[in-house]
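Student: Please take one part of this chain and go through it closely with me, in one connected account. I would like to see how pieces that lie apart in the sequence come together.

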Amino acid sequence: MSRVALAFDLGGTELRAALVGDGGTLLAFASVPTRARDGPDAVIEQITMLAEKTCSERPDARPLGIGIGAPGPLDPVAGILTAPPTLSGWREVPLARLLQDRLNLPVRLENDANAAALGEWRFGAGRGVASLVFVTVSTGIGGGVISDGRIVHGRRGLAGEIGHMTITSESEQCLCGAVGCFEAVASGTALGRRATALTKPGDGSVLRALSHDGDVTGQHVVEAARGGDGAALALIDREARWLGIGFTNLLHLYSPDMIVMGGGISHGYDLLRKPIEATIQERAMPAYRDVPVVPAQLGKHAGLIGAASLIFLN
């Protein structure tokens with residue numbers, strides 16, 4: 001059997017585990033809702049349980065180690081979760097050491113967005129390039145940067161918070177407290193907020209029909225635009241313009257071989273592509289204009305595959 005790693009994607013909503021082969025294939029998979037409000041001990045018990053479950057599905061597999069993608073801020077070198085806002089009671093938790101003691105395997109910890117970037121670089125859309133920026137556009141905007149085959153960590157592992165680049169002086173207040181963040185104007189949440197403000201319950205619009213007269217989401221906008229709805233298409237164009245501005249900044253900052261777009265809103269990539277490219281052509285310096293923006297390929301498994309890669313590349 002090829003080399004195998006045990007991988008975890010620790011989210012505030014869902015905890016996912018997999019045995020992953022060194023070709024990027026999932027050999028076994030399991031998930032549970034994360035006990036995010038119950039503190040570190042409860043979640044560590046869940047991780048232990050999922051480790052046993054996934055390994056029991058492939059008793060012939062012998063994992064070389066454990067890779068974990070987790071929400072930041074965290075210190076990947078020390079293996080410590082500093083204070084992730086989606087996990088209650090987690091402050092300076094030495095997760096790598098605790099799991100190593102519990103499961104008797106070497107453990108590598110990484111920011112979840114960086115893990116997804118690594119997965120796409122090794123086995124997805126970025127295979128074969130030296131450098132890429134991975135951008136996930138969903139509830140918020142996150143990302144990871146691979147430069148010359150390495151994750152860019154920066155001081156204390158905090159590099160790559162691209163959702164909090166300031167790209168305008170006007171916007172709704174971001175969850176971080178600032179105004180004008182990339183996330184505040186270009187996330188799926190921001191797209192849904194604009195659509196909700198544009199419409200009213202019972203107004204007969206396609207957007208409100210899809211949302212059953214509740215708040216409209218970014219996914220509703222993509223669905224309506226795909227059906228040719230004019231209001232949704234205008235919203236998609238505005239969304240793409242904001243994404244193009246943010247992507248132009250990333251091109252100038254990191255000079256990657258490509259930008260890989262993932263997250264829920266990337267399901268509308270075909271609708272967003274042309275205005276994103278047009279914005280880059282308008283705003284980027286000439287040397288950067290030929291860098292492609294491509295959709296992610298690994299979907300929801302990018303983080304798991306990237307976490308496993310932490311072991312394979314070690």
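**Charged pairs between helices, and the sheet beside them**

Tutor: Let us start with one side chain, arginine 194, which counts as buried because its relative accessibility is 15%, where buried means under 20% relative accessible area, exposed means over 50%, and partly exposed lies in between, for a 1.4 Å probe and protein chains only. This is a predicted model, in which local features need pLDDT of at least 70 and side-chain atom pairs count only at pLDDT 80 or more, while totals for chains, interfaces and linings use all residues. Residues are numbered from 1 along each chain as its sequence is written, and side-chain values use heavy atoms, with hydrogens and water left out.

Side chains of opposite charge can pair when their charged atoms come close. The partner of arginine 194 is glutamate 239, and their closest N and O atoms are 3.1 Å apart, which makes a salt bridge, that is, a side-chain nitrogen of Lys or Arg within 4 Å of a carboxyl oxygen of Asp or Glu. The two residues are 45 apart, in helix α5 (residues 188–198) and helix α8 (residues 230–254), so distant parts of the chain are linked. Here helices (H or I, at least four residues) and strands (E, at least two) are DSSP runs, numbered from the N terminus. Glutamate 239 is also buried, at 0% relative accessibility.

Another pair joins arginine 226 and aspartate 270, with 2.6 Å from N to O.

Arginine 241 sits in helix α8 and glutamate 282 in helix α9, 41 residues apart. Arginine 241 is partly exposed at 30% relative accessibility, whereas glutamate 282 is exposed, at 56%. In total the count comes to 12 salt bridges, and Asp9, Glu14 and Arg16 are linked in a network of them.

Now turn to the sheet. It is open and has 5 strands in the order β3-β2-β1-β4-β7, with mixed pairing, where two strands pair if DSSP finds at least two bridges between them. Its edge strands are β3 (26–33) and β7, each of which pairs on one side only. Strand β4 (residues 66–70) runs parallel to β7, and 5 bridges join them, with isoleucine 68 standing opposite leucine 109 in β7. Strand β1 (residues 4–10) pairs with β4 in the parallel sense over 4 bridges, and leucine 6 has isoleucine 66 in β4 as its bridge partner. Although β7 (residues 107–111) is an edge strand, 4 of its 5 residues are buried.

Finally, helix α3 (residues 112–123) packs against helix α10 (residues 302–312) at an angle of about 80°, with axes 7 Å apart; axes are lines fitted to C-alpha atoms, for helices over the stretch in contact, and angles run from 0 to 180 degrees between N-to-C directions. That makes α3 roughly perpendicular to α10, a term for angles of 65 to 115 degrees, with those under 35 called roughly parallel, those over 145 roughly antiparallel and the rest oblique. The contact (heavy atoms within 4.5 Å) includes Leu118 and Phe123 of α3 and Ile305 and Leu310 of α10.
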